[in-house]
Amino acid sequence: MKVIHTGDWHLGHQLYGFDRERDHRRMLDALVETVAAERPDALLIAGDIFHTPNPPASAQRLFAESLVRFLDAAPGLVIVAIAGNHDSGSRHEIFRSLMLRQNVHLIGTTDTSDPSSHIIEIEGKGWIIAVPFTHRRNLPEGFIPSLTESVAARNAASLPVVLMAHTTVTGADLTGHEDRDGFTAGGIDATGIDTFGEGYDYLALGHIHKPQTIENGQRTARYSGTPVPVSFDETFSHSVSIVSTERHGEKPAIRCAQTDAGRPLITLPADGKPAPFEDALAMLRDYPDDIESLLRLNVLVDGFLPPEAMSRARAATEGKLCTLCTISAERVSAKESGPKEMSVQEFREASPTDVFARYAADCGVEMTDELRSMFDEAIESLNDEEDGK
Ligand SMILES: [Mn+2]
């Protein structure tokens, strides 16, 4: 059985308000070509298809159109897509029964009353077991091993077994999930690899954005990683994984196909260390005119970032193909005293306003009374919305 393993597309993502659709389209073009060239038995999308639970119509349409292109590129292809923590599990299943007619399996929720709904047989080739994102507390103990056992009972031909899940596995490399862009993986809820039992050959994981293989004895677990970077901290290369496996109990062979055809995410200074504003500005002026990229400027400030910083920085990129997305300010004083980390307990006890004040201080923004009352107002209206007012 040959599968292409991908995930964490985050369609509909906006990077500091800048739309990523162009980058997603280029990635999907590259993936369609890979599917056409490789002719896999299955395409596995391991969650976080969309960036938000209620993605824009354009992103949903892009997803639907891409599915058609994959099916056309490799007739007979089976597509299995699970929901990640960014997706809405129930929305993910709206067209589940209809899509099944096209061999597209959309699995968004865990159904313990019908375990067979998580098992997909690819006749004469192998088995796919797909479980969406689940909190440990929602996942009954032993549910996943019960699925692999049920496959084992039907797998007389000893065909390979691929398991799909969306979670943080203990020991995974979280590079790229730094909190700087307000985008975290959260290592708190990490799942031990033992949770998945022993009945699979390849575990196709989503959630962690850096591609990596986690060796687990005779079995192989892998994050395919993001096919396009979601944050400026994802400074690794981006690809999908092509996995070939012949028999149950044999180690799968893994190759990568590059997909980062979109605009690169570049941080200046290139070493990531913040520079004084005027120096950083000079780097922007010197940045090549003809590189289509998204930029982050890391600036070291003594006090606060001047209010005109963004407009001056934008002016420095005028006439260039790059787009300046954000200025990340680090305070000299904060640097000297070192960042004070918040414990999980402190975070739980803090009010949203407290967390916002900390965030503002980290960004070098002064928390004025006006800013505080605007924030309180925003929180209040959110609460009203939740209460259905
Ligand atoms: Mn993700």
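I began with the largest nonpolar core of this predicted model. I count 29 residues in this core, and Trp9, Leu11, Phe63, Phe70 and Ile79 have the most contacts inside it. At least two residues each come from α1, β4 (42–46), α2, β5 (78–82), β6 and β13 (239–244). I note α2 as the source of the largest share, seven residues.

I then looked up Phe70. Leaving out residues up to four places away in sequence, I find Phe70 touching Trp9, Leu28, Leu31, Val32, Val35, Leu43, Leu77 and Ile79. Another core lies apart from the largest one and has 24 residues, including Ile119, Ile144, Leu147 and Ala172.

Next entry: the second largest pocket. I have its space down as about 470 Å³. The lining consists of 20 residues, with Gln60, Phe63, Phe95, Met99 and Leu106 nearest the centre of the pocket. Two or more lining residues come from each of α2 (57–73), α3 (89–92), α4 (96–100) and β6 (104–107). Here α2 gives the most, six residues. Sorted by class, I get 14 nonpolar, four polar and two charged residues in the lining. I see Phe63 both among the residues nearest the pocket centre and among those with the most contacts inside the largest core.

Last entry: Thr34. I place Thr34 in helix α1, residues 21–38. Is Thr34 buried or exposed? I log Thr34 as buried because its relative accessibility is 11%, and the cut-off for buried is under 20%. Setting aside neighbours within four places in sequence, I list Ile4, Arg39, Ile242 and Ala257 as the contacts of Thr34.

Terms used
Residues are numbered from 1 along each chain as its sequence is written. This is a predicted model: local features need pLDDT of at least 70, side-chain atom pairs count only at pLDDT 80 or more; totals for chains, interfaces and linings use all residues. Side-chain values use heavy atoms; hydrogens and water are left out. Helices (H or I, at least four residues) and strands (E, at least two) are DSSP runs, numbered from the N terminus. Buried means under 20% relative accessible area, exposed over 50%, partly exposed in between (1.4 Å probe, protein chains only). Contact means heavy atoms within 4.5 Å. On a 1 Å grid over the protein atoms alone, a cavity is a set of points where a 1.4 Å probe fits but cannot get out, and a pocket is an open set with protein on both sides within 12 Å along at least five of seven lines; lining residues have an atom within 4 Å of a point. Grid points are joined across faces, edges and corners, and a volume is the space filled by probe spheres set on the points. Ala, Val, Leu, Ile, Met, Phe, Trp, Tyr, Cys and Pro count as nonpolar, Asp, Glu, Lys and Arg as charged, and the others, Gly among them, as polar. A nonpolar core is a set of buried Ala, Val, Leu, Ile, Met, Phe, Trp, Tyr and Cys residues joined through side-chain atoms within 4.5 Å.
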